[in-house]
Amino acid sequence: MSENENILLRETNRGGYTLSIVAKFVERYPVQYIIRVSKPKWKPKGAEVDFVSNLEGFKNIGELLIDLHHFAQEKLYAKNSAKLREVLTAENIKNFVELRKAGRFSP
């Protein structure tokens, strides 16, 4: 993981495969959201990567993707990468979406 990335959610299955939802940010550019699948170290190079999870894991992934859909309606630009890494979390995204649903922001 690069210093300009924040893992919002990581789900690892029993086979050792990991699915991560990552926020990648570089100052003066919009934040990018990435779905990253990593295979276990023991898996041969070039082998197919399948992520199989239980329903709870898929529920967690789905809920964050829905919140990201609402959160990313407006582009977020990094001004202070260290502070952004600290506050850009799955929980804060969820809270922001709930706040947005409950009220309206006006300039």
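**Entry 1: a pair in helix H1**

I began with helix H1, residues 55-71, where Glu-63 and Lys-59 sit 4 residues apart and so are separated by about one helical turn. The model I am reading is a predicted one. I looked at the side chains of Glu-63 and Lys-59 and found that they meet in a salt bridge, at 3.2 Å from N to O. Side chains of opposite charge can pair when their charged atoms come close.

I then looked up the accessibility of each partner. Glu-63 has a relative accessible area of 38%, so I noted Glu-63 as partly exposed. Lys-59 is partly exposed as well, with a value of 43%.

**Entry 2: the count**

How many salt bridges does a search of the whole structure find? I wrote down 4. I followed up two more pairs, below.

**Entry 3: Arg-100 and Glu-74**

The side chains of Arg-100 and Glu-74 form a salt bridge, with N to O at 2.3 Å. This pair links distant parts of the chain, the two residues being 26 apart. I placed Arg-100 in helix H3, residues 90-102, and Glu-74 in the loop between H1 and helix H2, the latter covering 81-87.

Is Glu-74 buried or exposed? Its relative accessibility is 54%, so Glu-74 counts as exposed; the cut-off for that class is over 50%. For Arg-100 I noted a relative accessible area of 24%, which means partly exposed.

**Entry 4: a pair in helix H2**

I turned next to Lys-83 and Glu-86, whose side chains meet in a salt bridge at 3.3 Å, N to O. Where do these two residues lie? I found both in helix H2, 3 residues apart, which is about one turn of the helix.

For Glu-86 I recorded a relative accessible area of 55%, and therefore I listed Glu-86 as exposed. Lys-83, at 42% relative accessibility, counts as partly exposed.

**Entry 5: Ser-20**

Why does Ser-20 count as buried? I noted that its relative accessibility is 5%, and buried means under 20%.

Which residues is Ser-20 in contact with, leaving aside its neighbours within four places in sequence? I listed Ile-7, Leu-9 and Arg-10, and also Ile-34, Ile-35 and Arg-36.

Methods:
Residues numbered from 1 in each chain as written. Predicted model: local features only at pLDDT ≥ 70, side-chain atom pairs only at ≥ 80, totals over all residues. Heavy atoms only, no water. Buried < 20%, exposed > 50% of the residue type's maximum accessible area, 1.4 Å probe, protein only. Contact = heavy atoms within 4.5 Å.
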